[in-house]
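Please read the following briefing alongside the sequence and the coordinates. It begins with one residue and its surroundings, and then turns to other local features and to the chain as a whole.

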Amino acid sequence: MLSIDPSKMSERENYKFLIGSIIPRPIAFVTSLSEEGILNGAPFSYFNIVSSNPPMISLSIQRSEGKEKDTARNIKNLKEFVVHIVDEQNVEQANQTAANLPSDKSEIELANLTPMDSLKTRVPGVREAKIRMECTLEHSVELGGVDSPGCDLIVGKVVQYHIEDALYDKGRIDPMGLAAVSRLAGSNYAKIGEIFSIERPK
């Protein structure tokens, strides 16, 4: 077995090792509003649950050469955002929003997504997602980087859920109906695939 010291690897080498090893990763499609009122949308696979009491999620938004991304800046300014689960039906549109657009252009328009008003936040969501979560900013932390931060870690509190009726039954979500996709490495994604059960020890 190889033993590799990450401190002796470049940023890209560490990136490739991590995204190739930590798989599959759920994908959050995040909408945020700029100070000028531009609706921004972008997918992030450094995304997970933090807590269920209260419900909180995390996003790690990587910087490029220390430069903060629009999503991170918008969330810090407005302190609100919406997270959508990327699924088999919307993954192509979500991928389009990863394009490098100027701050005054909306990725939502580029991908032909449909904005929807939120109930508890000022940030619209998009109709094409089967699940979306309105969030308020709990914590924002700048992390990493030798000379400047390498990422913005965002922790959001979920203040409203939205889910397609057919997916929700007695508090449980139908995983096959949701058809969430996950991120692998490079241009690769994965579907849910075979599901198996293992009883937890008591």
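Leaving aside residues up to four places away in sequence, Thr121 touches Glu80, Val82, Glu134, Cys135 and Val159, where a contact means heavy atoms within 4.5 Å. This is a predicted model, in which local features need pLDDT of at least 70 and side-chain atom pairs count only at pLDDT 80 or more, while totals for chains, interfaces and linings use all residues. Residues are numbered from 1 along each chain as its sequence is written, and side-chain values use heavy atoms, with hydrogens and water left out.

**Thr121**
- Thr121 sits in the loop between strand S7 (115-116) and strand S8 (125-126); helices (H or I, at least four residues) and strands (E, at least two) are DSSP runs, numbered from the N terminus.
- With a relative accessible area of 9%, Thr121 is buried, a class that means under 20% relative accessible area, as against exposed at over 50% and partly exposed in between (1.4 Å probe, protein chains only).
- A polar atom of the Thr121 side chain lies 3.5 Å from the backbone oxygen of Val123.

**Leu137**
- Leu137 belongs to strand S9 (residues 131-143) and counts as buried at 18% relative accessibility.
- Apart from residues up to four places away in sequence, Leu137 touches Ile75, Lys76, Lys79, Phe81, Ile154 and Val155.
- The C-alpha atoms of Leu137 and Ile75 are separated by 7.1 Å, although these residues are 62 residues apart along the chain.

**Backbone exceptions**
- Most residues other than glycine have a negative phi, and most peptide bonds are trans.
- The peptide bond from Ile23 to Pro24 is cis, with omega near -10°, and Pro24 lies in the loop between helix H1 (11-21) and strand S1 (25-26).
- The peptide bond from Asn53 to Pro54 is also cis, with omega near 0°, and Pro54 lies in the loop between strand S4 (47-52) and strand S5 (55-62).
- Glu65, which is not a glycine, has a positive phi of about 55°; Glu65 is in the loop between S5 and helix H2 (70-78) and is exposed, with a relative accessible area of 83%.
- Ala179 has a positive phi near 55° in the loop between helix H5 (175-178) and strand S13 (182-183), and counts as buried at 8% relative accessibility.

**Chain as a whole**
- The chain holds five helices and 14 strands, and buried residues make up 39% of its 202 residues.
- Among contacts in the chain with a separation of 6 or more, 61% are between residues 24 or more positions apart.
- The C-alpha atoms fill a box of roughly 50 × 50 × 35 Å, taken along the principal axes.

How values were computed
A polar contact is a pair of N or O atoms within 3.5 Å; within protein, one must be able to donate a hydrogen and the other to accept it, and residues adjacent in sequence count only if both atoms are side-chain atoms.
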